[in-house]
Amino acid sequence: MAICVPRVVKKSSTALTVPKGHFAVYVGEKQRKRFLIPISYLSQPSFQDLLSQAEEEFGFDHPMGGVTIPCSEDIFIGITSQFRI
């Protein structure tokens, strides 16, 4: 019997490089952290909901220079760890 471990979203280092097939998002309510997200997450309905919330809160002017997801880090990891990609 195999144990299925959910994919964990990687926090990026301070380096500005983003690996091929990924993009950076900023997550957090007060202090934001940068995460590298596989592009395949864009097809997930719950991730699309997060992007809609970002659009409602920030429009297309994101203060961090990248997409900012307006939720806590714990909620973000909880949602994205359920993706089977």
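## Aromatic pairs and burial

Phenylalanine 35 and phenylalanine 76 are both buried (buried means under 20% relative accessible area, exposed over 50%, partly exposed in between, with a 1.4 Å probe and protein chains only). This is a predicted model, in which local features need pLDDT of at least 70 and side-chain atom pairs count only at pLDDT 80 or more, while totals for chains, interfaces and linings use all residues. Residues are numbered from 1 along each chain as its sequence is written, and side-chain values use heavy atoms, with hydrogens and water left out.

The structure holds five aromatic pairs (rings of Phe, Tyr and Trp, the last by its six-membered ring, pair if their centres lie within 6.5 Å; planes under 30 degrees apart count as stacked, over 60 as edge-to-face and the rest as tilted). Two of the pairs are tabulated.

| Pair | Centre to centre | Angle between planes | Class |
|---|---|---|---|
| Phenylalanine 35 and phenylalanine 76 | 5.4 Å | 55° | tilted |
| Tyrosine 41 and phenylalanine 83 | 4.8 Å | 85° | edge-to-face |

Phenylalanine 35 lies in strand β3 (residues 33-38) and phenylalanine 76 in helix α2 (residues 73-80), 41 residues apart; helices (H or I, at least four residues) and strands (E, at least two) are DSSP runs, numbered from the N terminus. Tyrosine 41 sits in the loop between β3 and α1 (45-58) and phenylalanine 83 in the segment after α2, so this pair ties together parts 42 residues apart in sequence. Tyrosine 41 and phenylalanine 83 are buried as well.

Ring pairs join Phe23, Phe35, Tyr41, Phe47, Phe76 and Phe83 into a cluster.
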